[in-house]
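Please work through each task with the structure open before reading its solution.

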Amino acid sequence: MKQQYSQILTVTPKPFVKWAGGKRQLLSVLAQHVPEKFELYFEPFLGGGAFLFHLISKNNSLKCNVSDLNSNLILSYVTIRDRVEELIAALEIHSKNYFKNPKQYYYQVRESNPKNQIDKVSRLIFLNKTCFNGLYRVNSKGKFNVPLGKYTNPNIVNKENLLAVSYVLQSKHISIKCQDFTKALENAQKDDLVYLDPPYQPTSDTAHFTSYTDESFDYKDQQRLLATFEKLDSKGCKVMLSNSKSNEILDLFSAHSKNIIEVNSNRFINSDSRKRTGHIELLIKNY
Ligand SMILES: C[S@@+](CC[C@H](N)C(=O)[O-])C[C@H]1O[C@@H](n2cnc3c(N)ncnc32)[C@H](O)[C@@H]1O
């Protein structure tokens with residue numbers, strides 16, 4: 001199976017969903033801060049996985065432990081890895097139905113609550129490709145609540161990319177799990193690289209977006225993050241953390257202020273395109 005995909009692999013894998021806080025615009029900055037040498041790579045807030053795909057496209061034998069608390073997202077990774085052809089077939093059906101009547105079909109799928117794996121994952125990817133701003137956002141009951149987007153020709157089935165993602169995820173060196181970040185990092189050791197990209201502490205222009213899962217990530221979680229950062233530091237891990245340039249984060253991480261770098265990013269979270277300007281965020285490293 002693997003060989004078959006490698007023959008048809010025509011593109012470099014990239015995120016198969018748009019994700020709030022996705023790191024595609026920051027890849028070149030993050031890449032500059034990757035240490036020359038490290039052992040395992042941990043990414044416990046995986047989201048769309050932009051940085052993971054970047055790293056494994058440079059080194060396909062990199063040992064990676066990646067995870068996220070969003071169970072539907074992790075199910076998508078696992079399904080793309082293990083059942084990509086069935087998934088592509090299901091997405092092709094979604095695509096055909098969508099183009100007959102976009103609005104009616106979008107809301108029909110948004111209201112549905114499929115139970116089987118292929119239907120669940122094809123629904124997630126379909127909604128992500130056709131919803132407003134390509135965001136995954138749920139309400140407090142875990143229900144996806146984004147309206148239809150304004151696309152004339154959304155690419156619902158990006159077959160080449162799904163095959164490329166499937167191929168790289170089949171590496172025996174990559175472990176993919178659904179879990180909280182503290183659990184994910186229990187086994188990180190000296191010289192492992194950990195990239196932490198949590199939901200950001202809200203600032204005025206992002207305050208409305210905190211809902212990747214039905215549990216929000218609040219200030220107590222940012223405190224847990226600091227404790228985790230310090231524990232990893234004391235174990236000798238190399239840790240790099242992204243977060244907002246907010247007073248709360250600057251205060252929490254004040255003991256690491258020498259290693260705080262300001263980076264300019266162009267984040268597409270705000271639904272008002274006039275407010276979608278580049279802004280400064282933080283990169284905090286312990287090395
Ligand atoms: C800023 S996004 C990560 C974006 C990602 N780096 C990308 O390029 O798309 C934060 C992620 O943290 C996940 N998350 C929220 N709370 C979590 C927790 N307690 N443990 C692990 N992951 C969590 C969310 O589901 C979301 O995917």
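**Exercise 1.** Find which residues of H4 meet which residues of H6, and describe how the two helices pack.

*Solution.* Begin with the contacts, where two residues count as touching if their C-beta atoms, placed from the backbone, lie within 7 Å: Asn-72, Leu-75, Ser-76, Thr-79, Arg-83, Glu-86, Leu-87, Ala-90, Leu-91, His-94 and Tyr-98 in H4 meet Gln-117, Ile-118, Asp-119, Lys-120, Val-121, Ser-122, Leu-124, Ile-125, Phe-126 and Thr-130 in H6. Helices are DSSP runs (H or I, at least four residues) and strands likewise (E, at least two), numbered from the N terminus. The model is predicted, local features need pLDDT of at least 70, side-chain atom pairs count only at pLDDT 80 or more, and totals for chains, interfaces and linings use all residues. Residues are numbered from 1 along each chain as its sequence is written.

Next, take the geometry, with axes as lines fitted to C-alpha atoms, for helices over the stretch in contact, and angles from 0 to 180 degrees between N-to-C directions. H4 and H6 pack at about 70 degrees, their axes lying 7 Å apart. The pair is therefore roughly perpendicular, given that this class spans 65 to 115 degrees, while angles under 35 count as roughly parallel, over 145 as roughly antiparallel and the rest as oblique.

**Exercise 2.** How many of the residues of H6 are buried, and what covers them?

*Solution.* First, H6 (residues 117-130) has 14 residues and reaches 20 Å from its first C-alpha to its last, close to the expected 20 Å at 1.5 Å a residue, where the expected span is 1.5 Å times one less than the number of residues. Then apply the burial test (buried if 20 or more other C-beta atoms lie within 10 Å of a residue's own, exposed if 12 or fewer, partly exposed in between, with C-beta atoms placed from the backbone): 10 of the 14 residues are buried, among them Val-121, Leu-124 and Phe-126. Finally, what covers the buried residues includes helix H4 (71-100) and helix H5 (102-111).

**Exercise 3.** At what angle do H4 and H7 pack, and which residues make the contact?

*Solution.* H4 and helix H7 (residues 159-169) pack at an angle of about 140 degrees, with axes 8 Å apart, and are therefore oblique to each other. On the H4 side the contact is made by Tyr-77, Ile-80, Arg-81, Val-84, Leu-87 and Ile-88, and on the H7 side by Lys-159, Leu-162, Leu-163, Val-165, Ser-166 and Leu-169.
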